[in-house]
Amino acid sequence: MSPETLPALLSPVPDEDGAPFWEYAARGELRVQACSDCGEPRFPPRPCCPHCRSFAGQWRRMSGKGRIWSYVVPHPPLLPAYAAHAPYNVILVELAEAPRIRLVGNLVAGPGAPLDSVPPERVRIGARVEAVFGGDGLPRWVLERS
Amino acid sequence: MAGFKDATAVVGIGQTDFAKRLPESEKALACRAVLAALDDAGIAPGEVDALASYTMEETDEVEVAKALGLGDLTFFSKVGYGGGGSCATVAHLAAAVATGQATVGVAWRSRKRGSGPRPWKNTAVQLPTPAQWTRPFGLLRPVDEIGMLARRYMHQYGASRDHLFNVALACRNRANQNPAAIMYERPLTRDMYMSSRWISEPLCLFDNCLETDGALACVVVSRERARDCRQRPVYVHAAAQGLPAQHHGMVNYWNDDPLTGPAWTAARHLWKHADLAPDDVDVAQIYDAFTPLILLSLEGYGFCGRGEGGAFTEGGALETGGRLPVNTGGGGLSEAYVHGFNLINEGVKQLRGTSTAQVPGASTCLVTAGEGVPTSALLLRN
Ligand SMILES: [Zn+2]
């Protein structure tokens with residue numbers, strides 16, 4: 001299939017709390033919600049800080065560095081857009097600055113590269129990764145060059 | 001909670017056939033299962049005054065009540081989070097009966113998952129919160145979410161695919177003894193398991209539960225009333241729900257240790273309010289939508305230590321005659337996947353002494369609901 005005929009991947013359907021994450025991501029920034037009063041980062045976004053119950057929040061810019069906590073390699077039956085790339089990887093990345101915040105993503109060969117652009121055998125737990133942004137505004141990840 | 005312990009009993013169980021495809025509607029199947037359970041108990045439909053089911057149950061209380069000619073209902077309840085709700089339906093009825101809110105309660109679950117649509121394919125429903133964080137990246141199905149935990153668990157504790165196979169095999173072996181099971185005449189071998197297709201690596205076809213059409217129900221009454229029923233009472237000794245602090249939904253990747261889920265929370269409450277400990281459990285029915293859930297639950301409910309769930313399965317421990325026989329009807333992996341309700345009824349059969357894979361002298365049974373999601377559990381005894 002040529003890229004034009006590939007069915008589209010799902011886009012996030014943000015709620016009010018999550019919308020800023022996706023707006024920043026569309027500008028190529030990885031930001032995480034944090035409490036304006038006690039400073040604790042939290043994810044997924046929500047209106048109130050579970051540590052100090054403050055409703056004042058901010059969006060803190062992250063370095064975009066992290067490590068792979070785990071991963072899976074889905075095979076069909078899948079939605080058609082994803083089946084077209086299967087088997088592909090889905091990784092869970094622990095952020096360097098906030099290890100309890102783990103973002104679901106994909107390990108790709110570079111910005112804009114497809115979900116299956118890194119062979120599954122190259123994915124491993126503990127690998128250092130870095131966020132990249134392609135045309136779709138979703139954060140994806142590449143292996144950090146050491 | 002002194003008023004809860006052994007104050008109520010399951011006195012009737014019922015089920016429809018299990019199959020990949022059944023011709024009747026979910027509503028009709030629900031009605032058949034409820035009637036079968038009442039008949040088993042020897043209780044007239046007009047005496048039912050309480051109902052409980054899952055929020056994912058498509059047939060509402062009003063439909064069951066009017067189709068079957070039930071009496072005035074004074075208690076009804078639905079529990080959320082899919083397969084996490086199974087045991088809680090019985091727990092809610094037991095609490096209602098123990099506190100005088102009702103006298104005869106029926107819990108049920110009817111599902112056409114074999115011939116019906118897969119929930120994860122409905123992206124309009126699935127995509128908003130919390131799925132905005134997972135689905136766009138291709139983490140689409142429950143198996144993908146659990147596969148993520150399974151990979152980490154295997155990495156962290158050295159559990160292997162052979163351990164997962166031990167779980168699948170124990171369930172299949174019991175199904176091979178159960179004529180009602182979908183996998184009754186279909187043995188599983190290690191070679192079949194190891195060479196089967198991947199669904200979400202590290203999980204293969206046989207790590208997944210069956211897509212099933214079917215319905216089940218059970219009847220809960222007071223200890224006193226139970227003495228007049230047809231069957232030997234199976235007492236609800238303890239029950240618990242578990243929704244841990246800062247939990248998320250299907251799984252929680254956002255805490256210190258995602259490998260300790262709602263089972264740990266439910267277990268703490270369950271054992272605190274029981275006269276029994278894990279060592280006293282003769283047989284267990286452990287929610288098995290996916291094989292790794294059994295390893296995590298064995299740890300969560302205290303049958304072994306952290307990281308020891310894989311090793312626990314070695315040497316036939318989960319088989320009949322083993323240290324802890326599990327899922328003696330075949331479970332969700334090999335009997336039927338009806339959101340775990342078959343595990344409740346199988347627990348009752350064990351304590352009646354009527355299981356197709358009877359554990360000799362079984363007098364205590366743990367039944368659990370889905371791990372990963374907000375969950376529930378029952379400790380049954382006779
Ligand atoms: Zn705060």
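**Cavities, zinc site and backbone features**

The structure holds two cavities of 30 Å³ or more. The model is predicted, so that local features require pLDDT of at least 70 and side-chain atom pairs pLDDT 80 or more, while totals for chains, interfaces and linings use all residues. Residues are numbered from 1 along each chain as its sequence is written, chains are lettered from A and ligands numbered from 1 in the order in which they are written, and side-chain values use heavy atoms, without hydrogens and water.

Reader: What is the volume of the largest cavity?

Author: A cavity is a set of points on a 1 Å grid over the protein atoms alone where a 1.4 Å probe fits but cannot get out, and its lining residues have an atom within 4 Å of a point. The lining of the largest cavity comprises 14 residues; those nearest its centre are Leu149(B), Pro258(B), Thr260(B), Gly261(B) and Pro262(B). With volume taken as the space filled by probe spheres set on the points, the largest cavity holds about 80 Å³.

Reader: Which strands each supply at least two residues of the lining of the second largest cavity?

Author: The second largest cavity has about 50 Å³ of space. Its lining is formed by Phe21(A), Phe43(A), Leu103(A), Val104(A), Pro139(A), Trp141(A), Trp133(B) and Phe137(B). Strands are DSSP runs of E with at least two residues, and helices are runs of H or I with at least four. The strands that each supply at least two of the lining residues belong to chain A: strand 5 (102–105) and strand 7 (139–143).

Reader: How many nonpolar residues are in the lining of the second largest cavity?

Author: Ala, Val, Leu, Ile, Met, Phe, Trp, Tyr, Cys and Pro are classed as nonpolar, Asp, Glu, Lys and Arg as charged, and the others, Gly among them, as polar. In the largest cavity, the lining divides into six nonpolar, six polar and two charged residues. The lining of the second largest cavity, by contrast, has no polar and no charged residues, and its nonpolar residues number eight.

Reader: What geometry does the site of the zinc ion have?

Author: Donors are N, O and S atoms within 2.8 Å of the metal (3.2 Å for Na, K and Ca). Here the SG atoms of Cys35(A), Cys38(A), Cys49(A) and Cys52(A) are the protein donors, 2.3 Å from the zinc ion. Four donors count as tetrahedral if all angles lie between 85 and 135 degrees. The angles among the four donor atoms are 101 to 116°, and the site is tetrahedral.

Reader: Is Cys35(A) buried or exposed?

Author: Buried stands for under 20% relative accessible area, exposed for over 50%, and partly exposed for values in between (1.4 Å probe, protein chains only). Cys52(A), at 33% relative accessibility, is therefore partly exposed. Because its relative accessibility is 2%, Cys35(A) is buried.

Reader: Where does Arg53(A) lie?

Author: Arg53(A) is not a glycine, yet its phi is positive, at about 65°. With a relative accessible area of 59%, Arg53(A) is exposed. Its place in chain A is the loop between strand 1 and strand 2.

Reader: What relative accessible area does Gln246(B) have?

Author: Gln246(B) is likewise not a glycine and has a positive phi of about 65°. It is found in chain B, in the loop between strand 8 (234–242) and helix 9 (262–272). Gln246(B) counts as partly exposed because its relative accessible area is 42%.

Reader: What is omega for the cis peptide bond that joins Glu201(B) and Pro202(B)?

Author: Pro202(B) belongs to the loop between strand 5 (198–201) and strand 6 (203–204) of chain B. In chain A, a cis peptide bond joins Pro76(A) and Pro77(A), with omega about 10°. For the cis bond between Glu201(B) and Pro202(B), omega is about 15°.

Reader: How far apart in space are Ser297(B) and Gly370(B), C-alpha to C-alpha?

Author: Ser297(B) is part of helix 10 (residues 291–300) of chain B. At 1% relative accessibility, Ser297(B) is buried. Ser297(B) and Gly370(B) are 73 residues apart in sequence, and their C-alpha separation is 9.1 Å.

Conventions: Four donors count as tetrahedral if all angles lie between 85 and 135 degrees; four count as square planar and six as octahedral if opposite donors are over 155 degrees apart and all others between 65 and 115; anything else is irregular. On a 1 Å grid over the protein atoms alone, a cavity is a set of points where a 1.4 Å probe fits but cannot get out, and a pocket is an open set with protein on both sides within 12 Å along at least five of seven lines; lining residues have an atom within 4 Å of a point.
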